[in-house]
Structures are given as C-alpha cells and as structure tokens.
Amino acid sequence: MPQEKTYFIETYGCEMNKSDSIDIALSFEQRGYTRARSEKEADVVILNTCAVRENAEQRVFGRLGYYRSLKRSSEKDFRIVFTGCMAQEKGQRIFQDFPEIDVCAGTYHFVDIPEYVDECQRKNTRLVATDKREYRFSGFTTKRAEGHRAWVNIIKGCSNNCSYCIVPILRGPEKSKKHDEVVREVRDLAAKGVVEVTLLGQNVNAYGKDNGDIDFMELLEKIHRVENIRWIRFLTSHPKDFTCEMIRRISVLPKVCNHFHLPLQSGSDRILGLMNRRYTLAYYTHLVDAIREHVPDASITTDIIVGFPTETEKDFMDTLDACRHFQYDDAFMYKYSERPFTKAANFSGKVDKNVASHRLEELIELQRFISMAKNRKMVGKNATVLVERTSKKNLSEMLCKAESGKMIVARTRAPVGSFINIEISGISGSTLCGVEKTPV
C-alpha cells in the first residue's frame, strides 16, 4: 500500500488567518492527506503568514531560516508552502530569496494549494500564485466544525482603508457570503453538535452592504433562531459601523454572548483622524455607554496602537485616560508598525522607537492593573461556562470559557463541549479559577 501523505500547518496572526488554515487543512484532507504530528514528519509544511506588523514578519523569516536548514539536513523530501498575507504582499521577492519554498500562494488562492503542490510534484518545479481574482468562500461549511464550536466566515476583505492598515490591499474589498448560505451552514453545524458559533469578518458590521443582502443585525437575528446553538459570538466590529440601536437589539438576543470587541486604536481625535478611523472619541464613548446600559454585565475588549506618526505626549495621555474611563476587560496593545503601500507610511513626524516602546510599556501596565481589578471583582460570583479542554498544568482541571470570553480553570469532570455552572473561587496569576456547582 502507498504511504499516506501528511501535512503540517503553522499559523501566524489573526482569527481570520486561523480560519483560513482550517480551509487549507480541509482542502488537503479532501485530497487524502492526514495531519502530521510535527513538521519533521510532514510531506508538506504550510506557513500561513501575517503582514499586519513587522514583528510578525520577522518571526516568519526566522522560521523560513529554520526550514531552510531542515530541508538541507533532512533525509525526508518535503515541500514547503508559503501562503497568507506575507505571500500576497511580497511573495515574489521571498520566492526568489528562499529557493527552498516550493509553492507561494497569496490570499486569493488558499483552497488551491493542494493542487499547486501536486503540480509541483508532477512537474518537479516551483510555483507562485499571487494574482488577485474574485474571492471564493470555501465549500467545506460543516467540516469546519472543531468539536463543539465553529468559526463561520460571513464577510471577507475590508473596505475601510485605515491609513496604517495593509489588510484591504492584501485581502481586497469586502465581500459578504449570502445570508441563506450562512444560516444553512449554522443550521447544519448545530445538527452536528456544534453549540457555539463565532461569526467572523474583518468588519462584521459591514455585512450585506456590498451586495444588497440583509444587514448584520438581520443576519444575527436569523441565526439566533437556529435550534441547539447556545452561544453566538462575532469578531470584529468597526465602531463607525456600530450603532446604539444595534446594541439595543443585541441585548434582547440571549444567545449572543455578552462580549464586545470594539477596537479603539487611539484616545485622541486628532490621531483617529489621521488613522482614517471615521469616528470620534465622543461617538465611541456613546457606544460604550450603550453597552453598559443595555448589557450591563458585558465584557469589552479592544485594540490600541501607540506611537502613530505625530503622536504627542498629550495624544498618548488621551489614550491612557480613555482606557481608565472605559475600563476594558482586556486589550491587544501594539506599537505602530509602518506597512508598505499604506498612507501612513508616507506621514512625517515618526515617533522615536524608544519613546513608542516606553508608551507601550506604560499602557500595558495600566491595562494589566485594570484587568486584574476587574477579575478580583468576579471572585465569589457564579458563571455559566463552556468546557473547552483539559488544563495543560493540571490534568484534573478543565479550561473553560465564560460567556464574557474570559477563560477560567475549573475542577470538574464534565466533558468537553458541555455547559456547567461554576463559582469563581480565586485567581492564580492572572487566570480565574472556579469550582463546579451544577451542570447546565
């Protein structure tokens, strides 16, 4: 019997990249491949890359160096696939600089990668595909389930053109999946035992605007009516397309989790204008106030960039003040990273790297204090959680996820994918701990 072919994927970057890796994996499995336990055992290694920040790119270059060495020293003949946003941005150059790469496939070519690998093997050649074409949603739908949960892509690309962001250039304009296809996919996932779905897009609030379909709230309400789905999440919301009326309508949908990820990026109106974010701090505050009013137990997380060109100490202080005011449960915080082809790359007034680093450290310290204070307030309270997996540190405990998105380690024997009630008993480091009370 011929030996089974295997693949191994390394994924860098955002949830969209992780979702794309699911489609890549399924496309290989459709052709008879199985997932390898490590890169050293694989016939095909795929690097699904991120180009949003320079440090993400540097990590990938480090891995390419590792694979160059591995390919030269290994007795196993394996193929290397370079894909994702870095491939779309600078794939031609990387393809030339790293002859070890067999296939370089951009963001419009994910589901074709196994075909490209087969072609390279048949013809004993290398292949690069980074041309832009009409984006196709994968047809895998229910196969994308990961046990009790699934990500459901509802919109691809981005049309916002924030001045610092390369995503619209690499992934193209917004393209919504037809709502009947989305609802059918969720219904089929529920029939397979999925209890939690996350609706995914660079800007889910823009759903339907590109093709005249129903809007995001109408889609959310239709999905809410799907039986056996217990929790619904969505990522990511752009504040300019979010409204207080949408928040009010979400508040009466009990399946929609009480977690809002609402990127702020800066607390300075001047910097927000330069970023082309198209909202003001006052409007953003209006949204947060609506969340606190209509969903009072909601957790709110955010994204923040410091060191954007011309950012003054006052601009940075405005960002710190905004964080103190909004009291985020958590935040993803970054130094500005200049990206090619973006408008901000041509801005003058670059902030000194040491100044930006110091500002980031100060912001992280503030947010860590806020997050810990909010976690302390949860001790002694009850919560319904979804059992995710066995804890890596203690096999007698399970890592669980609350509706708020917070992770909690609990002593329970409940199986993965089940809902239980717990009492939050304490904090270990920065992690909440709980004790099971009853199943749900």
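Predicted model: local features only at pLDDT ≥ 70, side-chain atom pairs only at ≥ 80, totals over all residues.
**Helix pairs**

| Helix pair | Packing angle | Axis separation |
|---|---|---|
| H10 and H11 | about 15° | 11 Å |
| H2 and H3 | about 35° | 13 Å |
| H8 and H10 | about 20° | 9 Å |

**Helix H10 and its partners**

Helix H10 covers residues 281-294 and packs against helix H11, residues 313-326, at an angle of about 15°. That angle makes H10 roughly parallel to H11. The crossing of H10 and H11 is right-handed. On the H10 side, the contact is formed by Leu281, Tyr284, Thr285, Val288 and Arg292, and on the H11 side by Ala322, His325 and Phe326. By class, the residues of this H10 and H11 contact are five nonpolar, two polar and one charged.

Helix H8 also packs against H10, at an angle of about 20° and with the axes 9 Å apart. H8 and H10 are therefore roughly parallel to each other. H8 passes H10 in a right-handed crossing. Here H8 contributes Cys244, Ile247, Arg248 and Ser251, while H10 contributes His286, Leu287, Ala290, Ile291 and His294. The contact of H8 with H10 has five nonpolar, three polar and one charged residues.

H10 itself has 14 residues, and the distance from its first C-alpha to its last is 20 Å, close to the 20 Å expected at 1.5 Å a residue. Its buried residues are Tyr284, Thr285, Leu287, Val288, Ala290 and Ile291. The elements covering the buried residues of H10 include helix H8 (244-251), strand S12 (259-261), strand S13 (299-306) and H11. Among these buried residues, Tyr284, Thr285 and Val288 take part in the contact with H11, whereas Leu287, Ala290 and Ile291 take part in the contact with H8.

**Helices H2 and H3, and Lys90**

Helix H2 (residues 54-73) and helix H3 (residues 85-97) pack at an angle of about 35°, with their axes 13 Å apart. The crossing of H2 and H3 is right-handed. Glu57, Val60, Phe61, Leu64 and Arg68 of H2 meet Met86, Glu89, Lys90, Arg93, Ile94 and Asp97 of H3. The contact of H2 with H3 has five nonpolar, no polar and six charged residues.

Lys90 lies in helix H3. Lys90 counts as buried because its relative accessibility is 18%, and the cut-off for buried is under 20%. Leaving out residues up to four places away in sequence, Lys90 touches Glu57 and Phe61.

**Thr83 in strand S4**

Thr83 belongs to strand S4, residues 79-84. Its relative accessible area is 0%, so Thr83 is buried. Apart from neighbours within four places in sequence, Thr83 is in contact with Ile24, Ile46, Leu47, Asn48, Thr49, Ala105, Gly106, Phe110 and Ile113.

**Helix H12**

Helix H12 (residues 353-378) has 26 residues, which should span 38 Å at 1.5 Å a residue; the end C-alpha atoms of H12 are 37 Å apart, in agreement with that value. The buried residues in H12 are Ala356, Arg359, Leu360, Leu363, Leu366, Gln367, Ile370, Ser371, Met372, Lys374, Asn375 and Met378. The cover over the buried residues of H12 includes S13, H11, strand S14 (330-335), strand S18 (419-428) and strand S19 (431-439). S13 and H11 are also among the elements that cover the buried residues of H10.

Methods
Residues numbered from 1 in each chain as written. Heavy atoms only, no water. Axes fitted to C-alpha atoms, helices over the stretch in contact; angles between N-to-C directions. Helix = DSSP H or I, 4+ residues; strand = E, 2+ residues; numbered from the N terminus. Parallel < 35°, antiparallel > 145°, perpendicular 65-115°, else oblique. Left-handed = near helix turned anticlockwise from the far one by under 90°. Contact = heavy atoms within 4.5 Å. Nonpolar A, V, L, I, M, F, W, Y, C, P; charged D, E, K, R; others polar. Expected span 1.5 Å × (residues − 1). Buried < 20%, exposed > 50% of the residue type's maximum accessible area, 1.4 Å probe, protein only.
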